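The plan is to look things up one at a time and write down what turns up.

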Amino acid sequence: MAETTKHPILVVDDEPDILFSLRALLRRDFEVYTAESGAQALEILKQHPIHLIMTDQRMPEMTGTELLTRVQGTSSQAIRIIFTGYADIKAVIDAINHGQIYRYLTKPWDPDELREVLFEACQHYDLQVAREKLLRELRQPLEAGMAFVQGLREGRFGELNPLGQAECERVCAAIRDLLARAIKVEPGESESHEHPV
Amino acid sequence: MKVLLVDDDVLTRLVMQTHLERWGHQVVTAGDGAAAWERFQVEEFPIVISDWIMPEIDGVELIRRIRACPRPGYVYAVLVTAKSQREDLIAGMEAGADDFLSKPLDAEEFRVRVRVGERIIRLEQTLVEQNRALREAQSALIQTEKLASLGQLAAGLAHEINNPIAFVTNNLAVLRRDMMAALEILNLYQSAQARLAEIEPTLAATTHHLAEEMDLAFFQSHLPRLFDKTQAGLERVRDIVNNLRDFARLDESTFKDADLNAALDTTVEILHHELKKKQMHLVRCLEELPPVPCQAGKINQVFLNILLNAVQACPTEGTIELHSRLLPGAQVEIVIRDNGSGIKPEHLEHIFDPFFTTKPLGEGTGLGLSVAYGIIKEHGGAIEVESQPGRGTTFRIKLPLVPPQATRGQDRFGQTRG
């Protein structure tokens with residue numbers, strides 16, 4: 001993979017050994033940032049365009065789900081993943097059900113599986129970004145079309161018969177509807193995803 | 001009550017036997033001390049009534065032998081004698097006699113004296129029974145406490161070990177990947193060894209020497225195996241931690257109604273291959289059961305752990321019996337019985353202890369049955385085991401139809417988790 005296409009990801013764990021280990025595993029496929037606390041993670045998110053954030057659940061001060069809830073509130077569109085020991089499963093289930101998490105992984109994780117999940121997540125990020133871009137790109141021609149139809153209705157290009165008027169109304173409504181949907185896609189919003197078994 | 005009656009005089013013996021049998025006793029007679037002693041050694045008699053003066057082994061000697069014989073349960077010994085001297089009585093009691101009957105025999109006195117003996121034997125039996133019950137209760141208590149504290153320890157341990165296992169496993173994967181890549185580079189370099197010898201003879205000699213010294217070829221061919229073995233070892237550690245976690249019930253799950261007969265069938269299905277491999281016979285005596293509220297996955301695990309042990313204990317073509325029935329008092333009973341090698345009595349009290357195993361090192365973690373124990377306790381049930389070495393083992397599981405409410409949302413050891 002070429003250097004430039006590596007996804008920037010952020011790994012958060014209060015144990016440096018874990019960060020060191022994960023960086024070693026992921027350095028070849030991702031641009032890896034690490035943070036030892038929730039606060040540090042939020043700081044990094046402000047400074048770098050992170051595509052994926054993966055955090056431990058059990059940390060002092062700010063737990064993983066707390067961190068991800070706060071990330072959800074920012075403009076970051078990063079895919080959120082949590083990895084956890086079994087004792088924290090209840091908090092994680094809640095977080096998943098509230099749509100705050102894309103995936104959860106258990107500790108100890110399987111290195112191959114982890115890479116796969118991260119690739120998949122990044123793909124998901126790309127799709128999300130592409131969709132938003134597409135909708136953004138659609139917006140301009142849609143708005144132009146809308147203006148044209150509006151002009152048509154107002155008789156700027158000559159008188160319309162009643163049938164033409166009705167047709168203009170119909171097209172206008174359809175475009176308005178599409179635009180409304182395009183606007184709806186705000187950054188940071190994503191659907192909740194499949195539950196782990 | 002069973003009475004051993006010893007008298008060398010046929011008539012006296014007959015008279016006494018008639019009396020005793022009329023009072024409802026079961027009488028075994030002997031004509032002399034030797035015959036009585038022989039009989040005593042093979043049978044149990046709570047009451048022995050013996051004539052004093054007999055050829056060879058007399059009554060006192062017989063009682064002395066009885067007293068010296070290590071047997072559970074007390075024997076009430078009565079000497080029948082014409083002797084009434086103080087010294088004689090002392091000698092008789094010294095030998096271990098509990099009472100005396102004087103000749104000629106008075107039927108009324110005989111009756112009340114035997115009844116005293118009977119009373120004492122019954123008291124003694126009650127005492128033994130109570131003692132046994134007490135000991136059982138005590139050992140059950142010790143077992144529970146032992147497992148409770150072990151459970152807490154296990155919970156803490158599992159959590160603490162998890163992180164290091166996580167990064168060590170990960171580091172190993174990184175090492176393997178990067179080491180293999182480095183080896184590839186090294187191989188490319190080595191292919192240029194001849195060329196290197198031309199340009200840099202000293203460097204080529206040094207690398208050659210170093211490679212020989214560490215046996216580079218061996219290292220290269222063995223490295224994958226080294227990684228495999230290390231990874232397998234780590235996986236074993238991880239499994240142990242997982243089992244410990246199950247034992248300590250660190251994860252939550254909810255009670256749902258389940259058909260335990262179906263659960264048994266499912267588990268047997270999982271073991272289908274093992275059963276077939278050993279040509280095992282399966283006897284299935286399952287009665288209809290009401291739905292039992294439980295954590296079905298865990299109950300399956302209990303069945304699996306016990307059945308696995310049963311299969312392993314059985315010889316080829318062994319038999320495993322499954323029984324289920326509804327018990328009075330709103331509970332169900334599941335019995336899993338095998339005709340395998342059985343459990344040694346000295347192992348029996350340890351089989352639910354974590355890490356106790358009789359399997360060869362590395363084959364069993366010694367956690368299967370302790371996990372089963374933990375799960376059943378968590379369901380408010382009971383698990384019991386009976387075993388006879390060489391004959392087989394029976395596990396008896398009882399589960400209530402109403403699960404304990406108190407344990408919900410807490411772990412089994414009464415601690416709420418933070």
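The entries below go from ground rules to the interface, then to chain A and to selected spots in chain B.

**Ground rules**

I am working with a predicted model, in which local features need pLDDT of at least 70, side-chain atom pairs count only at pLDDT 80 or more, and totals for chains, interfaces and linings use all residues. Residues are numbered from 1 along each chain as its sequence is written, chains are lettered from A and ligands numbered from 1 in the order in which they are written, and side-chain values use heavy atoms, with hydrogens and water left out.

**Interface of chain B and chain A**

I began with contacts, meaning heavy atoms within 4.5 Å. On the chain B side 21 residues touch 18 residues of chain A.

I then looked up the buried area, which is the accessible area (1.4 Å probe) that two parts lose on being put together, summed over both. The two chains bury about 1800 Å² between them, and 56% of that is on carbon and sulfur atoms. Which residues of chain B lose the most area to chain A? They are Phe167(B), Asn170(B) and Arg177(B), which together account for 29% of what that side buries.

Next I checked for salt bridges (a side-chain nitrogen of Lys or Arg within 4 Å of a carboxyl oxygen of Asp or Glu). The rule finds two across this interface. I noted the one between the side chains of Arg28(A) and Asp178(B), at 3.3 Å from N to O.

Polar contacts came after that. I count a pair of N or O atoms within 3.5 Å; within protein, one must be able to donate a hydrogen and the other to accept it, and residues adjacent in sequence count only if both atoms are side-chain atoms. Eleven residue pairs are in polar contact across the interface, both residues at pLDDT 80 or more.

I also asked which helices of chain B supply the side that touches chain A. Helices (H or I, at least four residues) and strands (E, at least two) are DSSP runs, numbered from the N terminus. Helix 5 (107-191) and helix 8 (216-248) of chain B each supply at least two residues. The largest share, 14 residues, comes from helix 5 of chain B.

For composition I sorted Ala, Val, Leu, Ile, Met, Phe, Trp, Tyr, Cys and Pro as nonpolar, Asp, Glu, Lys and Arg as charged, and the others, Gly among them, as polar. The touching side of chain B divides into seven nonpolar, eight polar and six charged residues.

**Chain A**

I find six helices and five strands in chain A. Along the sequence the pattern reads β-α-β-α-β-α-β-α-β-α-α.

For burial I use relative accessible area: buried is under 20%, exposed over 50%, partly exposed in between (1.4 Å probe, protein chains only). Of the 197 residues in chain A, 44% are buried. Among contacts in chain A between residues at least 6 apart in sequence, 61% join residues at least 24 apart.

**Cis peptide bonds**

I recorded a cis bond between Lys107(A) and Pro108(A), with omega about -5 degrees. Pro108(A) sits in the loop between strand 5 (103-106) and helix 5 (111-153) of chain A. In chain B, the bond from Lys103(B) to Pro104(B) is also cis, omega near -5 degrees. Pro104(B) is in the loop between strand 5 (99-102) and helix 5 of chain B.

**Helix 9 of chain B**

I listed the buried residues of helix 9 (residues 260-270) of chain B: Leu260(B), Asn261(B), Ala263(B), Leu264(B), Thr267(B) and Val268(B). Down the helix axis they fall within an arc of 160 degrees, so they line one face of the helix; the arc is that of the directions from the helix axis to the C-beta atoms. The face turned away carries the exposed residues Glu269(B) and Ile270(B). Asp259(B) caps the N-terminal end, with a side-chain oxygen 3.0 Å from the backbone nitrogen of Asn261(B).

**Ser387(B)**

Is Ser387(B) buried or exposed? Ser387(B) counts as buried because its relative accessibility is 17%. I place Ser387(B) in strand 11 (residues 382-388) of chain B. Its side chain reaches the backbone nitrogen of Ile343(B) at 2.6 Å, and a polar contact of 2.9 Å joins the side chains of Ser387(B) and Thr393(B).

**Positive phi**

Asp215(B) is not a glycine, yet has a positive phi of about 55 degrees. I find Asp215(B) in the loop between helix 7 (201-214) and helix 8 of chain B.
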